[in-house]
Each structure stands twice: as structure tokens, then as C-alpha cells.
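Hi everyone, thanks for coming.

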Amino acid sequence: MTASGGAAGGGDGGGGFFSRGFRGRRPAAATAQRLPPGQYEERDFPVLSAGPTPRVPLAQWDFTLRSDDHSARWNWDEFQKLPRTAITPDIHCVTKWSKLGTHWEGVSIDTLLAEAAQRGVQSKPYVMAMSYGGYTTNVPLADLTGGKGMVAYLYEGAPLDPEHGGPARLLVPHLYFWKSAKWVRELRFMARDEPGFWEQNGYHMYGDPWREQRYTGDP
């Protein structure tokens with residue numbers, strides 16, 4: 001898969017923003033236990049998109065789960081009627097900042113899978129997240145289920161700003177934040193793992209911050 005134009009901005013972080021030498025402030029002991037290796041705590045919420053920010057009117061927004069010749073689609077009003085869940089995770093950007101105790105609300109991937117199954121959509125082991133603007137990123141389905149992933153549309157109790165991925169973004173907080181695709185519009189099931197945009201350009205296929213899986217070849 002390829003992406004162009006604004007695609008580079010779809011997942012927080014990118015090749016032009018990462019500096020190996022920056023360490024940030026020395027954290028307190030309690031905070032340090034929550035920071036993966038090489039990360040520092042960031043109190044703000046940096047915007048690192050390299051491309052233009054898509055502006056998607058809610059009347060034109062939709063979200064789809066797709067597998068082979070079956071799909072399940074929701075418009076904005078339908079999506080808002082799905083059961084909402086809230087989580088308060090720490091998030092970790094590949095550019096080495098971490099933001100602790102963030103609060104998000106949205107629809108869990110578990111809920112979406114259950115709804116889609118009623119429409120004949122069968123899941124597969126891998127997912128390609130696809131965004132407005134052309135960005136893509138790959139995630140194993142196991143990293144989205146069991147309460148580990150959601151499509152989030154509220155951040156700190158307010159609608160998610162477009163700069164941070166609104167109207168809605170994928171949220172996979174236990175992986176580096178480029179996996180939490182901004183402006184998500186579709187999850188496409190795949191039988192085999194395939195690289196998305198940054199993965200084709202040197203980033204790790206999985207992206208575990210606790211193992212510092214930033215680049216291809218990292219363990």
C-alpha cells in the first residue's frame with residue numbers, strides 16, 4: 001500500500017521529527033516507572049503531523065469495517081448511538097514524548113466487531129487502518145480486542161480536535177502512537193500482515209514502546 005499528500009501526518013510521529021539525542025527532563029521515580037525506555041513526560045499534546053489536516057464535516061463522515069465482500073458502515077449519527085466506553089491510558093510517541101493519564105471516550109473495537117458480525121463481517125488476524133487523507137497503518141487484531149483498542153471521538157471530555165485526529169481516530173495506546181491512526185475511516189481485515197505508510201518507510205511493523213521498536217530491525 002502507498003500513501004501520498006497528507007498521508008504522512010496520519011499517525012503522530014514521523015521520520016523528520018525524531019531526535020535520538022533528546023532526553024527531556026529527569027522524571028520523578030513514580031513517573032519513571034510509567035515511561036518506556038528512552039521516553040520523557042510531556043505535559044502538552046504536541047501536534048506532529050507532517051501533511052495537511054483533513055477537515056471532515058460530520059455530515060460526510062463515516063466509518064467502515066471491511067472483510068472480503070462484506071462490510072459494516074456507520075455514519076456519524078449511527079456511530080454516536082453505539083455503546084460508549086472510556087479509558088485513561090498513557091500514550092507514547094515514537095518521537096520520545098509520553099503523555100500520562102490521558103482520558104478518551106469512544107466505541108471499543110470489541111463493540112464494533114460484535115455489531116459487524118451481525119452483518120456478516122468475519123474478522124481476520126490483521127487489520128489495516130485507513131484514514132481520510134490517505135494514511136495507513138497495520139495492527140494485529142489481537143492488539144485491538146479485549147478492551148485494548150477503540151475508535152475515539154472525545155478527548156478530555158471534549159470533541160477531538162482535527163489536529164489530533166478528529167472527528168475520530170483509532171486509539172491503540174499500548175503501541176507507539178503512530179499506530180493510533182488519526183482521521184480513521186476504515187479498518188480492513190487481512191489474513192497476513194502488510195505494512196502501512198510509515199512501516200513501508202522504515203518504521204517497525206509492530207511498534208512496542210517498551211521494547212523500543214521504532215525502526216525496522218529493532219528487536
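Let me begin with a network: Arg-66, Arg-185 and Glu-186 are joined by salt bridges, where a salt bridge means a side-chain nitrogen of Lys or Arg within 4 Å of a carboxyl oxygen of Asp or Glu. By that rule, the count is 10 salt bridges.

A quick word on the source: this is a predicted model, in which local features need pLDDT of at least 70 and side-chain atom pairs count only at pLDDT 80 or more, while totals for chains, interfaces and linings use all residues. Residues are numbered from 1 along each chain as its sequence is written, and side-chain values use heavy atoms, with hydrogens and water left out.

Now, some individual pairs. Which residue forms a salt bridge with Lys-124? That would be Asp-68, at 2.9 Å from N to O. These two come from distant parts of the chain, 56 residues apart: Asp-68 is in the loop between β2 (62-67) and β3 (70-75), and Lys-124 is in the loop between α3 (109-117) and β8 (126-131). Helices here are DSSP runs of H or I with at least four residues, strands are runs of E with at least two, and both are numbered from the N terminus. Asp-68 is exposed, at 60% relative accessibility, whereas Lys-124 is partly exposed at 23%. For those words, buried means under 20% relative accessible area, exposed over 50%, and partly exposed in between, with a 1.4 Å probe and protein chains only.

Next, Glu-199 and Lys-179: buried or exposed? Both are buried, and their side chains meet in a salt bridge of 2.7 Å, N to O. Glu-199 sits in helix α4 (residues 197-200) and Lys-179 in the loop between β12 (169-171) and β13 (184-190), so this pair ties together parts 20 residues apart in sequence.

One more pair: Arg-43 and Glu-41 form a salt bridge, with their closest N and O atoms 3.1 Å apart. Arg-43 is exposed, with a relative accessible area of 65%, and Glu-41 is partly exposed at 27%.

Finally, the sheet. Three strands make an open, mixed sheet in the order β1-β6-β5; strands count as paired if DSSP finds at least two bridges between them. β1 (40-41) and β5 (91-92) are the edges, each with a single partner strand, so one side of each has no neighbour in the sheet. β5 pairs with β6 (residues 97-99) in the antiparallel sense over two bridges, and His-92 has Ser-98 in β6 as its bridge partner.
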